[in-house]
Amino acid sequence: MDPSYRIVPSGAAKTASVQETAGSLGLHDTLQYGPRTIATEVKTESGLKERLESWDETQDNLKLTMQRNVYGMHAPMRLLMERKIVSANPHMPALPQSNLHLDILMGRDETIEPGDIFGGLENGGSLNIHRDMEKKRNI
């Protein structure tokens with residue numbers, strides 16, 4: 001948990017191209033701007049994908065920080081402890097699983113997602129229950 005009041009995820013790390021980091025001779029200045037990588041120069045994505053992927057994490061971090069400042073350090077620690085306990089799923093691996101307790105603790109109990117309707121049947125499931133249990137129990 002990183003204590004910050006950021007509402008939206010931060011943008012991608014600032015990258016520098018050769019045009020922006022050229023010295024007096026027109027070459028990349030490695031000492032001032034760091035090593036040059038071609039991957040950062042040809043990257044054309046706007047960073048929206050990374051922001052959308054880290055949206056839930058940023059919102060959760062904001063809520064935990066607000067709880068820490070209002071109620072004290074025990075509130076986010078208790079919530080994180082409860083999430084960890086509830087996320088340990090003791091069910092059979094071959095059966096369709098739903099973790100309603102974790103959804104309630106995460107605040108997702110009022111949203112409807114495809115997993116709520118289809119119940120995780122999109123991957124077909126495994127037919128070998130014994131192998132799945134051995135894999136889950138590390139036997």
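A search of the whole structure finds 4 salt bridges. The model is predicted, and three of these pairs are worth a visit. The idea behind them is simple. Side chains of opposite charge can pair when their charged atoms come close.

Start with Arg 83 and Asp 60. These two form a salt bridge, and their closest N and O atoms are 2.8 Å apart. The pair links distant parts of the chain. Arg 83 sits in helix α6, Asp 60 sits in helix α5, and 23 residues separate them.

The side chains of Glu 82 and Arg 78 meet in a salt bridge, at 3.1 Å from N to O. How far apart are Glu 82 and Arg 78 in the helix? They are 4 residues apart, which means about one helical turn lies between them. Their surroundings can be read from their accessibility. Glu 82 counts as partly exposed, because its relative accessibility is 24%. Arg 78 reaches 52%, so Arg 78 counts as exposed.

Now move to Arg 131 and Asp 132. Their salt bridge has its closest N and O atoms 4.0 Å apart. A salt bridge is counted within 4 Å. Arg 131 is partly exposed, because its relative accessibility is 47%. Asp 132 is at 14%, so Asp 132 counts as buried.

Next, look at the start of the chain. Pro 3 lies in the segment before α1. Its relative accessibility is 43%, so Pro 3 counts as partly exposed. Which residues does Pro 3 touch, leaving out those up to four places away in sequence? They are Asn 61, Thr 65 and Arg 68. Take Asn 61. Pro 3 and Asn 61 are 58 residues apart along the chain, yet their C-alpha atoms are separated by 7.1 Å.

Ile 7 is also found in the segment before α1. Ile 7 is exposed, because its relative accessible area is 54%. What kind of surface patch do Ile 7, Val 8 and Trp 55 make? The patch is nonpolar, and its area is about 280 Å².

Ile 7 and Val 8 return in the contacts of Thr 58. This residue has its place in helix α5, which covers residues 55-71. Not counting residues up to four places away in sequence, Thr 58 touches Arg 6, Ile 7, Val 8 and Pro 9. Thr 58 counts as buried, because its relative accessibility is 13%.

Go on to Asn 138. This residue is found in the segment after α9, a helix that spans 129-136. Asn 138 is not a glycine, but its phi is positive, at about 55°. Is Asn 138 buried or exposed? With 70% relative accessibility, Asn 138 counts as exposed, because the cut-off for exposed is over 50%.

Finally, consider the confidence of the prediction. The mean pLDDT of the chain is 79. Of its residues, 78% reach 70 or more. Which element of the chain has the highest mean pLDDT, and which the lowest? Helix α6, residues 74-87, has the highest, at 94. Helix α1, residues 18-21, has the lowest, at 64.

Note on methods:
Residues are numbered from 1 along each chain as its sequence is written. This is a predicted model: local features need pLDDT of at least 70, side-chain atom pairs count only at pLDDT 80 or more; totals for chains, interfaces and linings use all residues. Side-chain values use heavy atoms; hydrogens and water are left out. Helices (H or I, at least four residues) and strands (E, at least two) are DSSP runs, numbered from the N terminus. Buried means under 20% relative accessible area, exposed over 50%, partly exposed in between (1.4 Å probe, protein chains only). pLDDT is the predictor's confidence in each residue, from 0 to 100. Contact means heavy atoms within 4.5 Å. Patches are made of residues with over 30% relative accessible area and no salt bridge: like charges are joined within 9 Å, nonpolar side chains (Val, Leu, Ile, Met, Phe, Trp, Tyr) within 5 Å. Accessible areas come from the Shrake-Rupley method with a 1.4 Å probe; for residues, only the protein chains shown count as cover.
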